[in-house]
Protein chains: 4
Amino acid sequence: MRFISDNAAAAHPKVMEAVVNANHADTAYDGDAYSARLDSAFSALFERDVRVLWVTTGTAANCLALAALCPPYGGILCHRDAHIEVDEAGGPGFFTGGAKLILVDGTGAKLTPEAVAATCERIWPDVHQVQPKALSITNATEYGLSYRAAEVAELGQLAKQRGLAFHMDGARLANAVAFTGDSPADVTWRAGVDALSFGFVKNGGLNAEALVLFRTDLAEEIAIRRKRSGHLLSKGRMLAAQLLAMLEDDLWLTNARAANDIARRIGAGAPDRLLFPVEANELFLRVSADEAASLRALGFDFYDWRAGEIRLVASWDRTSDEADRLAAAIAAL
Amino acid sequence: MRFISDNAAAAHPKVMEAVVNANHADTAYDGDAYSARLDSAFSALFERDVRVLWVTTGTAANCLALAALCPPYGGILCHRDAHIEVDEAGGPGFFTGGAKLILVDGTGAKLTPEAVAATCERIWPDVHQVQPKALSITNATEYGLSYRAAEVAELGQLAKQRGLAFHMDGARLANAVAFTGDSPADVTWRAGVDALSFGFVKNGGLNAEALVLFRTDLAEEIAIRRKRSGHLLSKGRMLAAQLLAMLEDDLWLTNARAANDIARRIGAGAPDRLLFPVEANELFLRVSADEAASLRALGFDFYDWRAGEIRLVASWDRTSDEADRLAAAIAAL
Amino acid sequence: MRFISDNAAAAHPKVMEAVVNANHADTAYDGDAYSARLDSAFSALFERDVRVLWVTTGTAANCLALAALCPPYGGILCHRDAHIEVDEAGGPGFFTGGAKLILVDGTGAKLTPEAVAATCERIWPDVHQVQPKALSITNATEYGLSYRAAEVAELGQLAKQRGLAFHMDGARLANAVAFTGDSPADVTWRAGVDALSFGFVKNGGLNAEALVLFRTDLAEEIAIRRKRSGHLLSKGRMLAAQLLAMLEDDLWLTNARAANDIARRIGAGAPDRLLFPVEANELFLRVSADEAASLRALGFDFYDWRAGEIRLVASWDRTSDEADRLAAAIAAL
Amino acid sequence: MRFISDNAAAAHPKVMEAVVNANHADTAYDGDAYSARLDSAFSALFERDVRVLWVTTGTAANCLALAALCPPYGGILCHRDAHIEVDEAGGPGFFTGGAKLILVDGTGAKLTPEAVAATCERIWPDVHQVQPKALSITNATEYGLSYRAAEVAELGQLAKQRGLAFHMDGARLANAVAFTGDSPADVTWRAGVDALSFGFVKNGGLNAEALVLFRTDLAEEIAIRRKRSGHLLSKGRMLAAQLLAMLEDDLWLTNARAANDIARRIGAGAPDRLLFPVEANELFLRVSADEAASLRALGFDFYDWRAGEIRLVASWDRTSDEADRLAAAIAAL
C-alpha cells in the first residue's frame with residue numbers, strides 16, 4: 001500500500017475522461033477553447049479577476065513566478081526546507097538568472113513575520129549584499145502544516161512594507177484549504193499573495209498545474225517565459241481540460257479532503273509519534289528502523305526521513321480501510 | 001478541414017490507450033516501469049545503445065541538448081530559418097546561459113557543408129568573437145525538405161573536423177525517414193549526430209517527445225538540467241507509455257507515411273505553385289490573397305506565409321479524400 | 001608608426017597625473033571624493049541631471065546598460081557590424097541573461113529608422129518570436145561614420161513609438177561630436193537616448209569609461225549589476241579622477257579633434273581609396289596586399305580588413321607629421 | 001588613522017612607478033610585453049608551470065574561476081561567511097549561470113574536512129538536489145585566520161575523493177603566507193588547489209589581481225569568459241606591470257609582513273578582547289559602542305561589526321607608531 005508520495009498517484013477518472021474528450025484537433029498551444037475558459041473558471045473560484053497559465057510541473061510554476069517577481073540580482077526569502085531550495089535542482093537560480101535564495105528558519109517549515117524580518121535586518125543595505133526582493137512560502141508546508149489566512153496576511157503585510165513580492169507555492173494548497181476551511185481568496189490575494197503555484201497533480205490531476213496570477217500584469221511576461229523555457233505544450237487543451245475538470249463540482253476540494261482524512265486516520269493511531277500535527281495529507285513519525293522494517297513487511301510503502309523518522313503521504317486514491325489498517329499497525333508496534 | 005499545423009492534431013488512439021493504461025500508481029518521475037523500458041526500445045530502433053529522456057516539447061528537447069553540447073560562451077551554427085532561431089522565444093539563449101546562434105544561409109532551410117564552413121571562416125579565432133562549438137540542423141527542414149543520410153554525414157564530418165558538437169532537431173524526423181527510406185541509424189549517429197530531438201507530438205503523440213542521446217555520457221547532465229528546468233514530470237510513466245506506443249509496430253513510421261502521402265497528394269495538384277519539392281508533410285505554395293480566400297471559403301484552413309504564399313501541413317489524421325479535394329480546389333483556382 | 005588601434009595608445013599625461021594624485025587612502029569602491037563629483041561634472045557637460053558610473057571597459061558599459069534596458073527574454077536591435085554583436089564575445093547575452101541581438105543592415109554600420117522599422121515589421125508579435133525591447137547604435141560607427149543629432153533624434157522617435165529603450169555605444173562619441181559639432185546633449189538625451197557608454201580609454205584615458213544614465217532611475221540597479229559582475233573596483237577614485245581630468249578644460253574634445261585631424265590628413269592623401277568618408281578617427285581604405293606590404297615596409301602599422309582593404313585608426317598621440325608622411329606614402333603607391 | 005579597510009589603502013610607490021612606466025603605446029588587451037611575462041614570473045614563484053590572467057577585482061577573479069570549475073547546475077561548498085557568499089552581490093550565481101553556494105559552518109570562517117564532508121553527506125544524490133561540484137576556501141579567512149598548508153592539503157584530499165574542484169580565494173593570501181611561513185606552492189597546488197584568486201590590491205597594488213591557474217587547461221576558457229564579462233581591459237599592460245612590480249624582490253611579501261606586524265602590535269594591546277587570534281592583518285575585538293566612540297574621538301577609524309564588536313584592518317601603509325598608539329588607546333579603555 002503506497003504512502004510514499006502523492007506525486008505518483010493515479011489521475012482521477014474524471015480527469016482522464018476530460019483528457020480523452022479533449023483529444024480532437026484544435027488550435028495549438030493555448031489558443032484552444034479549453035485554455036480560453038481558464039481565466040474565468042479560476043476567477044470565479046478566487047472571487048476576482050485572475051490570469052491563469054497551465055504548466056506541467058510545480059517546479060515550472062514556482063520558477064516562472066519567481067523569475068517574474070524577482071530580478072536576477074535580488075534575493076528570495078524562503079524557508080530553509082522549502083521545495084524551491086531543496087528539491088528543484090537549483091531551478092530558481094536558473095529561471096531567475098542567478099537570484100539568491102535567502103534562507104529563514106521556522107518550525108515545521110513555516111515562516112513567521114518575526115523570523116523573516118530578523119533575516120532582513122541582518123542584510124546590509126548596500127550593493128555588496130544581495131537584497132531581498134521576494135518572499136515565498138509553501139502552503140501546506142513541506143512538513144504538512146497549513147497556514148491560516150491570518151498568518152498569511154501577516155506575512156503579506158510584512159512583504160508590502162518591505163517592498164517584497166509575495167509568492168505562494170501551493171503544491172498542496174488544496175489540502176491546506178481543506179484543513180483550515182479558509183476560502184482560496186482569503187488565503188491568497190486577500191492576504192497579499194501576488195502569484196500562486198496551484199497544484200493539481202498531487203491531487204488527482206494528470207500533468208497540469210495552474211500558475212495563478214493575482215498581479216495580472218505579469219501574465220504577458222510569464223507567457224513569454226513559459227514558451228522560452230519549453231513549457232508551452234502544443235496540445236495545451238489536454239492540460240486546460242484537466243484543470244477545468246478539477247474545478248468542476250470542486251473535485252479539487254473533494255480529493256484533498258479525502259487525502260487529508262486518510263492522513264488524519266493514520267495520525268490518530270500514533271499521536272505520540274507525530275513530529276508535527278496533521279494539518280494536511282503528510283505525516284512525519286518517529287519510527288525506528290526496525291519498526292519501519294516491520295511496517296514494510298506488512299506491505300506498507302513509505303519514505304525514510306531523517307534517522308528514526310519516516311514520512312507518509314496520503315493521496316486521494318487511498319482508502320479509509322488502508323488508512324485504518326496502517327494506523328492499527330503503527331499502534332501495534 | 002485543418003491543414004494549418006500538425007501541432008494541434010489529435011493524438012492517435014493507440015497513444016491515448018497507452019496513457020489511459022498507464023494511469024495507476026507507480027514510482028514518480030522517471031522511476032516507473034515504462035520509463036525504464038525506453039533506453040532499450042530506442043536502442044533497438046537505432047541499432048546501438050542510446051540513452052533517452054522524455055520531455056513534453058520540442059523546444060525543451062532542443063534546448064536541453066544544446067545546453068549540454070555548447071558552453072555558455074560558445075556559438076551554435078544553424079540555419080537562419082531554424083526553429084531554434086525563429087520559433088523558440090530565445091530558448092537556446094536561456095538554456096545555454098547566453099550562447100549565440102550563428103546564422104547560416106541555405107535554400108529551403110537546408111545547410112550545406114560549404115555554407116557552414118564559409119561561415120566559420122569569417123569568424124576571427126580570438127576571444128573577441130564567439131567561436132562556434134556546435135552545429136544544429138532540422139530534419140525535415142522548416143521548409144519540408146529531407147536530408148539524405150549522405151548529406152547529414154557530410155555535415156557530420158565537417159563538424160568533427162572543426163570540433164563541433166552535432167545536434168539534429170528531428171521534430172519531423174519521422175516524415176524525413178518516411179520520405180528518404182534511410183534508416184534512423186544512418187541519418188543520425190552513423191552520420192555523426194550526437195543528440196537528436198525526436199518528435200512525436202506532431203505525429204500522433206499526445207505530449208511526449210524523445211531526446212535521444214548517442215553521446216550517452218551526456219545523459220546524467222541532461223537529466224539534471226531537465227529537472228532544473230521544470231521538465232521532470234511527476235507522472236512520467238504517462239509520457240514514456242506514449243513513446244513506447246509510438247514505437248510499437250512502427251506506429252511512428254505508419255503515421256508519418258500517412259501524413260507525407262497527404263502532402264504528396266495535395267502537391268500533385270499544384271506542381272507549378274510549389275516553392276519547394278514535397279519531401280515530408282509540409283507544402284509551401286504560391287497562392288495569391290484572393291485565391292487563399294476562395295480556398296478558405298471552401299472550408300480549408302491553412303497558414304498565410306509571406307505575401308502571396310501559403311503553408312499547408314498534413315497530419316496523420318487527415319484523409320486521402322480531404323487531400324484530393326484540396327488538390328482539386330487548388331488546381332481549379 | 002602605430003595606426004593599428006586607438007585602444008592601445010598611451011594615456012594622456014594629465015590623466016596619468018590625475019591617477020598619481022589620487023593615490024592616497026580614501027573610502028573604498030565609489031565612496032571617495034572623486035567619484036562623488038562625477039554626477040555633477042557630467043551633468044554640467046550634458047546640460048541636465050545625469051547619473052554616471054565608472055567602469056573599466058566599453059564592453060562592461062555596453063552590457064550593463066543593455067542588461068538594465070532589455071529583459072532576458074527581449075531583443076536588442078543593432079547593426080550587423082555593431083561592436084556588441086561582433087567584438088564582445090557574447091557579453092550582451094551573458095549580462096542580459098540570454099537576450100537576443102536582432103541584426104539590422106545599413107551602410108557604414110549606420111542604422112536608419114526605415115531599416116529598423118522594417119526589421120521590426122518582420123517579427124511576428126507572439127510568444128514564439130523574440131520581441132524587440134531595445135535599440136542600440138554606435139556613434140561614431142564601427143566604420144567611422146558620425147550620426148548627426150537629427151539622425152539620432154529620428155531613431156529616438158522610432159524607439160519611443162515602438163516602446164524600445166535606446167542605448168548609444170559612444171566608445172568614440174568624442175570623435176563624433178568633434179566632427180559634427182553637435183552638443184553632447186543634442187546627440188544623446190535630447191534625441192531620445194536613455195543610456196550612453198561614453199568612451200575615454202581610446203581617447204587618452206587609462207582605464208576608465210563612463211556609463212552615463214539619462215534615465216537616472218536605472219542607476220541603483222546598474223550599481224548592483226556593476227558590483228555583481230566584478231566591476232566595482234576597490235580604488236575607484238583612480239577611475240573617477242581620470243574621468244574628471246578628461247572633462248577638465250574639455251580635454252576629451254581636444255584629444256578627439258587631434259585624432260580626427262590625423263585621420264582627415266591621411267584620408268586627404270587617398271580620397272579615391274576611401275570606403276567611407278572620414279567622419280571620425282578611423283579610415284578604411286582599398287589597399288592591395290602588395291601595397292599594404294610596402295606601407296608596412298615604411299614603418300606604418302595597421303590592421304588588415306577584408307581582402308584588399310585596410311583599417312587605420314588615428315589616436316590623440318599621433319602627430320601631424322606622421323599623418324602627412326603616411327598620406328604621402330599612400331598617395332605614392 | 002585609517003584601520004577601516006585595506007581595500008582603500010594607497011598603492012605602493014613601486015606599483016605606481018610601474019604603471020607610469022608602462023604608459024606607452026603597445027599591443028592592446030593582453031598582447032603586450034608585460035602581460036607576456038606573467039606566466040613565467042608566477043611560475044617561478046609557484047615552482048611549476050601556471051597560467052595567469054590579470055583582472056581588476058577579487059570578485060572577478062573568484063567568479064571567473066568558479067564559472068570554469070562548477071557547471072551551472074552544480075553547487076559550490078563554501079563557508080557561511082565567505083566573501084563569495086556575503087560580499088559579492090550574488091556574483092557567483094551570475095557568472096556560473098545559477099550555481100548554488102552550499103554553506104558550511106566553521107569557527108573563524110575556516111572550513112574543516114569534517115564539516116565539509118558532513119554537509120555533503122546530507123545531500124541526497126539524485127537530480128532533485130544540487131550536487132556539490134566545487135569547494136572554495138578563503139585564505140586568510142574572512143576573520144583573519146590563516147590555513148596551514150597541511151590543513152589545505154586535507155581539504156584538497158577530500159575534494160579529490162569527492163570529485164570536487166578546489167578554489168582558493170586568496171584576497172589576503174600574502175598575509176597568510178607571511179604569517180605561516182608556508183611556501184606559495186605548498187599552500188596551493190601541492191595541497192590540491194586548482195585555481196587561486198591571488199590578491200594584490202589590498203596589499204599595495206592599484207587595480208590588478210591575479211587569477212592563477214594550476215589547472216592550466218582552464219586558461220583558454222577563462223580568457224574567453226574574461227572578455228565576455230567585460231574584464232579584458234584595453235591597456236592590460238598597466239595591470240600586468242603592477243603584478244610584475246609586486247613580484248619583484250617579493251614586494252608582495254614585504255608589504256604583507258608589514259601589515260601583519262601592524263595587526264600583531266594592535267592585538268598585543270588587547271589580548272583579552274580578541275575574538276580570534278591574529279594570524280593575518282585583520283582583528284576583531286570586543287569593544288562596546290561607548291568604547292568605540294572614544295577610540296573614534298581619538299582619530300581612529302574602523303568598522304563596526306556585530307553589536308559590541310569592531311573590525312580593524314591593517315594595511316601596508318600604516319606605521320608601527322600608529323599601531324602602538326592604537327594598542328595603547330585600546331589598553332587604556
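Student: What stands opposite A:Ala195 in strand 7 of chain A?

Tutor: A:Leu213 does. Strand 6 of chain A and strand 7 (residues 209–213) of chain A are joined by 4 bridges in the antiparallel sense. Strands here are DSSP runs of E with at least two residues, helices are runs of H or I with at least four, and both are numbered from the N terminus. This is a predicted model, in which local features need pLDDT of at least 70 and side-chain atom pairs pLDDT 80 or more, while totals for chains, interfaces and linings use all residues. Residues are numbered from 1 along each chain as its sequence is written, and chains are lettered from A and ligands numbered from 1 in the order in which they are written.

Student: How do you know that strand 5 of chain A and strand 6 of chain A pair?

Tutor: Two strands pair if DSSP finds at least two bridges between them. Strand 5 (residues 165–170) of chain A has 4 bridges to strand 6 of chain A, so the two pair, and they run parallel. In one of these, A:Asp169 has A:Ser197 as its bridge partner.

Student: What makes the β-α-β unit of strand 5, helix 8 and strand 6 of chain A right-handed or left-handed?

Tutor: The test is the path from the first strand over the helix to the second: with the strands pointing away from the viewer, clockwise means right-handed. The unit with helix 8 (residues 173–180) of chain A is right-handed.

Student: Why is A:Asp249 called exposed?

Tutor: A residue is exposed if 12 or fewer other C-beta atoms, placed from the backbone, lie within 10 Å of its own, buried if 20 or more do, and partly exposed in between. A:Asp249 has 10, so it is exposed. A:Asp249 also has a positive phi of about 50° although it is not a glycine, and lies in the loop between helix 10 (237–247) and helix 11 (251–268) of chain A.

Student: Which residues cover the two faces of strand 6 of chain A?

Tutor: A:Ala195 and A:Ser197 lie on one side, A:Leu196 and A:Phe198 on the other, and all are buried.
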